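This briefing sets out the architecture, the charged pairs and the ligand surroundings of one protein model. The points are grouped by topic and are meant to be read beside the structure.

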Amino acid sequence: LKFFCCSNDGVDQHMIWLIGLKNIFARQLPNMPKEYIVRLVMDRTHKSMMVIRHNHVVGGITYRPYASQRFGEIAFCAITADEQVKGYGTRLMNHLKQHARDIDGLTHFLTYADNNAVGYFVKQGFTKEITLDKNRWQGYIKDYDGGILMECKINLKLPYTDLAT
Ligand code: ACO
């Protein structure tokens, strides 16, 4: 099992994994237009942290790091149907937090969570209370009325991936 983060950088293997992830999102997020999913997953300003097992994508999180604002917006998050509730979603988020902090230099994540995924995000440390200063994120993230805006503050020191087994 490995956790791997990349964007659409022209590497064949990365493209194959991103297409696999796009297909998982399309199936697991039926309310999202497929064209929109493809556009963001393949957009070079977005990155995807993926869970890969036997060289196949099992799930992932696509996000856009706003380096100047030091926050990231999570666009999509899903684990393939037959692998849910096995802990992959938690480990994935831990790897994302570590990468976002250590590689992207981010301090927070914001996301519009689907109603039925709020419980998952709460378990990952997200809150409905937004503490991040509005002038750091307003105008950057797109308004989306199908979900609830949630925030996660990334701990400066926590070894996220050592905690994930
Ligand atoms: N509601 C409430 N709690 C949940 C949910 C949920 N939908 N999904 C998982 N949990 C809980 C689990 O019970 C577990 O709790 P525990 O630690 O007390 O045992 C904890 O969250 C973590 O569970 P994992 O097994 O790590 O989660 P999983 O691998 O299933 O991944 C995910 C969670 C990504 C939500 C997955 O179930 C999924 O793909 N769901 C369908 C797609 C979806 O809803 N994605 C999020 C949409 S919002 C967005 O993309 C911005």
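A residue counts as buried when its relative accessible area is under 20%, as exposed when that area is over 50%, and as partly exposed in between. By this cut-off Glu-83, at 9% relative accessibility, is buried. The model is a predicted one. Its 165 residues include a buried share of 48%, and the structure holds five salt bridges.

**Overall architecture**

- Six helices and six strands make up the secondary structure of the protein.
- Read from the N terminus, the order of these elements is β-α-α-β-β-β-α-β-α-α-β-α.
- The radius of gyration is 15 Å, which agrees with the value near 15 Å that a compact globule of 165 residues would have.
- The C-alpha trace spans about 40 × 35 × 30 Å along its principal axes.
- Of the contacts between residues at least 6 apart in sequence, 68% join residues at least 24 apart.
- The protein has an accessible surface of about 8800 Å², and carbon and sulfur atoms account for 51% of that surface.

**Salt bridge between Glu-83 and Arg-53**

- Glu-83 and Arg-53 form a salt bridge in which the closest N and O atoms are 2.8 Å apart.
- Glu-83 belongs to the loop between β4 (71-79) and α3 (88-104), while Arg-53 belongs to strand β2 (residues 47-53), so this pair ties together parts that are 30 residues apart in sequence.
- The two partners fall into separate burial classes: Glu-83 is buried at 9%, whereas Arg-53 is partly exposed, with a relative accessible area of 26%.
- Lys-86 joins Arg-53 and Glu-83 in a network of salt bridges.

**Other salt bridges**

- Lys-142 pairs with Glu-73 in a salt bridge, with 3.4 Å between the closest N and O atoms.
- This pair links distant parts of the chain, 69 residues apart: Lys-142 is in the loop between α5 (134-137) and β6 (148-153), and Glu-73 is in strand β4.
- Lys-142 is partly exposed, with a relative accessible area of 31%, whereas Glu-73 is buried at 9%.
- Arg-101 and Asp-102 also meet through their side chains in a salt bridge, at 2.8 Å from N to O.
- Arg-101 counts as buried at 14% relative accessibility, and Asp-102 is partly exposed at 46%.
- In general, side chains of opposite charge can pair when their charged atoms come close.

**Asp-104 and its polar contacts**

- Asp-104 is situated in helix α3 and, with a relative accessibility of 15%, counts as buried.
- Its side chain makes a polar contact of 2.6 Å with the side chain of Lys-47.
- The side chain of Asp-104 also makes a polar contact with that of Tyr-63, again at 2.6 Å.
- Beyond its neighbours within four places in sequence, Asp-104 is in contact with Lys-47, Tyr-63, Pro-65 and His-99.

**Packing of helix α2**

- In helix α2 (residues 34-42), the buried residues are Ile-37, Leu-40, Val-41 and Met-42.
- These buried residues of α2 pack against α1 (12-28), β2, β3 (56-66) and β4.

**Surroundings of Cys-77**

- Cys-77 is placed in strand β4.
- Neighbours within four places in sequence aside, Cys-77 is in contact with Phe-25, Leu-29, Gly-60, Ile-61, Tyr-120 and Phe-121.
- Cys-77 and Met-93 are separated by 16 residues in sequence, and their C-alpha atoms are 9.2 Å apart in space.

**Ligand**

- A polar backbone atom of Gly-87 lies 2.7 Å from an oxygen atom of the ligand.
- Lys-123 places a polar side-chain atom 3.1 Å from an oxygen atom of the ligand, and Gln-84 has a polar side-chain atom 3.3 Å from an oxygen atom of the ligand.
- On its own the ligand has 960 Å² of accessible area, and the protein covers 75% of this area.

Methods
Residues are numbered from 1 along each chain as its sequence is written. This is a predicted model: local features need pLDDT of at least 70, side-chain atom pairs count only at pLDDT 80 or more; totals for chains, interfaces and linings use all residues. Side-chain values use heavy atoms; hydrogens and water are left out. A salt bridge is a side-chain nitrogen of Lys or Arg within 4 Å of a carboxyl oxygen of Asp or Glu. Helices (H or I, at least four residues) and strands (E, at least two) are DSSP runs, numbered from the N terminus. Buried means under 20% relative accessible area, exposed over 50%, partly exposed in between (1.4 Å probe, protein chains only). Contact means heavy atoms within 4.5 Å. A polar contact is a pair of N or O atoms within 3.5 Å; within protein, one must be able to donate a hydrogen and the other to accept it, and residues adjacent in sequence count only if both atoms are side-chain atoms. The radius of gyration is taken over C-alpha atoms; the globule rule is 2.2 Å times the number of residues to the power 0.38. Accessible areas come from the Shrake-Rupley method with a 1.4 Å probe; for residues, only the protein chains shown count as cover.
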